[in-house]
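Please read the following account alongside the sequence and the coordinates.

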Protein chains: 2
Amino acid sequence: MTDDDTTFSRRRLLGTVGAAGATGIALGATGGVAGAAVTRDDPPTDLATVGSTAVAFHGRHQSGIVTPQQAAGQLVAFDLTPAAGRKEAAALLRRWSRAAERMMAGDPPDGDHSGVALDAGPSSLTVTFGFGRGFFERTGLEARLPDALRPLPEFSADALDEDRSGGDLWIQIGSDDGLVAFHALRVLQRDAAGTARVRWQMSGFNRSLGATPEPMTQRNLMGQVDGTNNPKPSDEDFDKRVFVPADGSPDWMAHGSYAVFRRIRMLLDSWDEQSRAEQEKVIGRRKSDGAPLSGGTERTPVDMTARTGDGDLAIAADAHVRITPPDANQGAAMLRRPFSYHDGFLDDGAPDAGLLFIAWQADPLTGFVPVQRRLDSGDALSRFIRHEASALFAVPGGPGKGEYVGQRLLEA
Amino acid sequence: MTDDDTTFSRRRLLGTVGAAGATGIALGATGGVAGAAVTRDDPPTDLATVGSTAVAFHGRHQSGIVTPQQAAGQLVAFDLTPAAGRKEAAALLRRWSRAAERMMAGDPPDGDHSGVALDAGPSSLTVTFGFGRGFFERTGLEARLPDALRPLPEFSADALDEDRSGGDLWIQIGSDDGLVAFHALRVLQRDAAGTARVRWQMSGFNRSLGATPEPMTQRNLMGQVDGTNNPKPSDEDFDKRVFVPADGSPDWMAHGSYAVFRRIRMLLDSWDEQSRAEQEKVIGRRKSDGAPLSGGTERTPVDMTARTGDGDLAIAADAHVRITPPDANQGAAMLRRPFSYHDGFLDDGAPDAGLLFIAWQADPLTGFVPVQRRLDSGDALSRFIRHEASALFAVPGGPGKGEYVGQRLLEA
């Protein structure tokens, strides 16, 4: 890709969309905190700036964790090839980081002339890199394997497909634009040639919220408002719950996070056969606006002791919300940041659809694991879902200028 | 779904997004011409109106033809069940029309409490219904089978999968919001129970252009600007090329159109191995901005006789643009309105990705067929694509108030 090409692309964007700030707003506004979406707090007020939102590649944390959910997602896991060792892995992470940095700024990556993302602007692209347990064995880095990366326990309701679980390396791609996300996947896969090959790949989507000033909580494919109780960056203990502390262990994971991935198929035909009242009882929230059945609005704290006029618990004993809140799990909390998925129909005619569940936490043993243990033993929702794939990745902190993701692991 | 629910949904939308006109702008602006997106000509200038764009269900033409391309698409074909005849088919079309009308207005359809599309607003939802050749045989309506619905000829490069081709009935769903499109698919599939079953289903996407005042021509997954030469509603002969005339034959197809569908897989690994110059030569257009290699900008007419400094034809003899323009095909023209698709990877590791090609024309025999015949015999692009599925549907005109789609066929 020549400079000439970039110029044409920019000109096409500016000329046609007609926004003087189309690239300026986004590309000038780097350096914000923590790899979050740096322009979303101050959304543009002009519809002509579609695609102009950029997320910073450098920062304390990697992008795609605190960043608001995007409309299009690509998840891809790789295994290192037999010929690849630590040196080749380091070179791959260097290539990947360079490509991610350029694409997140809306620029074509080195050596790519595909043009699929031309004109799109950054489109809130985020690229998040993680390391699976196998990576450490394959690269002779067992001594730096985090304790937190020990295999997740088995849950009674799991029906896991090994071919779509695990992986030595993982990339989470998100963008407001499906072509930008597809392009990033293609570029990063090409960069892996000879060093790592795709183990599994999944595509997901969310409601397109664009640059709405206060994004609504997303709905999932069950129609349920999903994510109300998520920790918020403004919470006092947000960093403590989601990120490894600066002096955490191992040191290369400072400011990093652990991603638990679960492909959760929803048994939508069975779910939709339930009445609205039955569905609400399973979750413990009103479908219309996400308010707890104990009363109030979406953000009202759930009153677990409230009773209906008949004297029954307003929130049923096995309601999903009764089991998941932090105060029911010794303070456990994780930041859930999923995509929905829909891969057509299964052989029996049921939709192959559900949630690409992604949860971020400082430690899975105090985040995902205790919550899932409780859900596994008594959640009314479990009758309507199947966990079909699972993975756990160590996601190091964001790279500094001139650094590549994982450098502190691979070169220390 | 109770009224109560709708109220909550609206309130949540208005309260959170904070746009007084969020539903008002869209829902008040019906009655525009021809089923096109009635609010897109006058786009809202407030980002808070995400999802508020509504497309009219009633009109001269069905929606989803002239409507600007949306970000999310669902294509689904059905076959009538053995027990279903003309009466059951008419009842189904009545149910489908009623559901489409409500969902396109942003309202929950009758009997649906799934809530997946709550809060989303209309989100430019379009639902387009078509009839395949088999429908007429199954319903005893052979006498009304349009001549234009005769099977497409075979092309030498076809590698068609019958299971993903054809169908008695077809629905094209498009929306700016992936959840709204998914919800519409679920609702319409449920409405078909007992009368028709899914034959094939495919999901697609486009660049999200939101309500940009002058949408750019979309790019496809080859990175090529695709659709520059499309007929435009402002063209003098647009209606003549795209729609069956008011006094056309058969009479029930007045103001209707014929949709040719082709699932075209792109051999992206081979394509990306070509240099940019080679790719541009295959197409005949510059990748950066879509300008023809004979000079100018995207909209400049292609000069087929132009020569390079070396004396070669600027547009190669087998370039894609040389074969496709109307003046090379006895005036043939069709409105191409595709979605891209990406269904993961094939067994050999190649991406299962490409174009869900949908072309609209008054008559396939003067639209798609002659163009495809020429492409089949000499298009440089054919080395990089495979036609894997094919279908042809008669899409009747839009319903009047109180009418359902296809009523003039089923009840005349």
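This is a predicted model: local features need pLDDT of at least 70, side-chain atom pairs count only at pLDDT 80 or more; totals for chains, interfaces and linings use all residues.

Leaving aside neighbours within four places in sequence, Ser175(B) is in contact with Gln70(B), Ala71(B), Ala72(B), Pro122(B), Ser123(B), Ser124(B), Leu125(B), Val180(B) and Ala181(B). The residue belongs to strand S3 of chain B, which covers residues 169–175. With a relative accessibility of 0%, Ser175(B) counts as buried, the criterion being a value under 20%.

A second residue of chain B, Leu313(B), is located in a loop, between helix H8 (276–283) and helix H9 (320–323). Its relative accessibility is 31%, and Leu313(B) therefore counts as partly exposed. Apart from neighbours within four places in sequence, Leu313(B) has contacts with Met304(B), Thr305(B), Ala306(B), Arg307(B), Thr308(B) and Arg322(B).

Gln274(A) is placed between helix H7 (268–273) and helix H8 (276–283) of that chain. At 19% relative accessibility Gln274(A) counts as buried, because the limit for this class is under 20%. Which residues does Gln274(A) contact, leaving aside its neighbours within four places in sequence? They are Gln279(A), Phe384(A) and His113(B).

Chain A may now be considered as a whole. Chain A contains eleven helices and nine strands. Of its 412 residues, 60% count as buried. Among the contacts in chain A with a separation of 6 or more, 76% are accounted for by residues 24 or more positions apart.

Helix H10 of chain A, residues 368–378, shows how one element is set among others. Its buried residues are Phe368(A), Val369(A), Pro370(A), Val371(A), Gln372(A) and Leu375(A). These buried residues of H10(A) pack against strand S5 (257–266), helix H9 (320–323), strand S8 (351–361) and strand S9 (385–395) of chain A.

The next topic is the packing of helices. In chain A, helix H3 (residues 86–104) and helix H5 (residues 178–191) have axes 9 Å apart, at an angle of about 155°. H3(A) and H5(A) are therefore roughly antiparallel to each other, since angles over 145 degrees are placed in that class. The crossing of H3(A) past H5(A) is right-handed. On the side of H3(A), the residues involved are Leu92(A), Arg95(A), Trp96(A), Ala99(A) and Met103(A); on the side of H5(A), they are His183(A), Ala184(A), Val187(A), Leu188(A) and Asp191(A). Sorted by class, the contact of H3(A) with H5(A) comprises seven nonpolar, one polar and two charged residues. As background, residues three or four places apart in an α-helix point the same way, because the helix has 3.6 residues a turn.

Chain B has its own H3 and H5 contact. The axes of H3(B) and helix H5 of chain B (residues 178–191) come within 9 Å and cross at roughly 160°. H3(B) and H5(B) are therefore roughly antiparallel, and their crossing is right-handed. H3(B) contributes Leu92(B), Arg95(B), Trp96(B), Ala99(B) and Met103(B), and H5(B) contributes His183(B), Ala184(B), Val187(B), Leu188(B) and Asp191(B). The classes represented in the contact of H3(B) with H5(B) are seven nonpolar, one polar and two charged residues.

Aromatic rings complete the account. Over all chains, the structure holds 26 aromatic pairs. In the pair of Trp200(A) and Phe261(A), the ring centres are 4.9 Å apart and the planes are at 20°, so the pair is stacked. The pair joins distant parts of the chain, with Trp200(A) in strand S4 (residues 196–205) and Phe261(A) in strand S5 of chain A, 61 residues apart. Trp200(A), at 3% relative accessibility, counts as buried, as does Phe261(A) at 0%. The rings of Trp96(B) and Phe129(B) have centres 5.6 Å apart and planes at 15°, so this pair is stacked. Here Trp96(B) lies in helix H3 of chain B (residues 86–104) and Phe129(B) in strand S2 of chain B (residues 126–131), so that distant parts of the chain, 33 residues apart, are linked. Both Trp96(B) and Phe129(B) are buried. In chain A, ring pairs also link Phe131(A), Phe135(A), Phe136(A) and Trp252(A) into a cluster.

Conventions:
Residues are numbered from 1 along each chain as its sequence is written. Chains are lettered from A and ligands numbered from 1 in the order in which they are written. Side-chain values use heavy atoms; hydrogens and water are left out. Axes are lines fitted to C-alpha atoms, for helices over the stretch in contact, and angles run from 0 to 180 degrees between N-to-C directions. Helices (H or I, at least four residues) and strands (E, at least two) are DSSP runs, numbered from the N terminus. Angles under 35 degrees count as roughly parallel, over 145 as roughly antiparallel, 65 to 115 as roughly perpendicular and the rest as oblique. A crossing is left-handed if the near helix is turned anticlockwise from the far one by less than a right angle, and right-handed if clockwise. Contact means heavy atoms within 4.5 Å. Ala, Val, Leu, Ile, Met, Phe, Trp, Tyr, Cys and Pro count as nonpolar, Asp, Glu, Lys and Arg as charged, and the others, Gly among them, as polar. Buried means under 20% relative accessible area, exposed over 50%, partly exposed in between (1.4 Å probe, protein chains only). Rings of Phe, Tyr and Trp (its six-membered ring) pair if their centres lie within 6.5 Å; planes under 30 degrees apart count as stacked, over 60 as edge-to-face and the rest as tilted.
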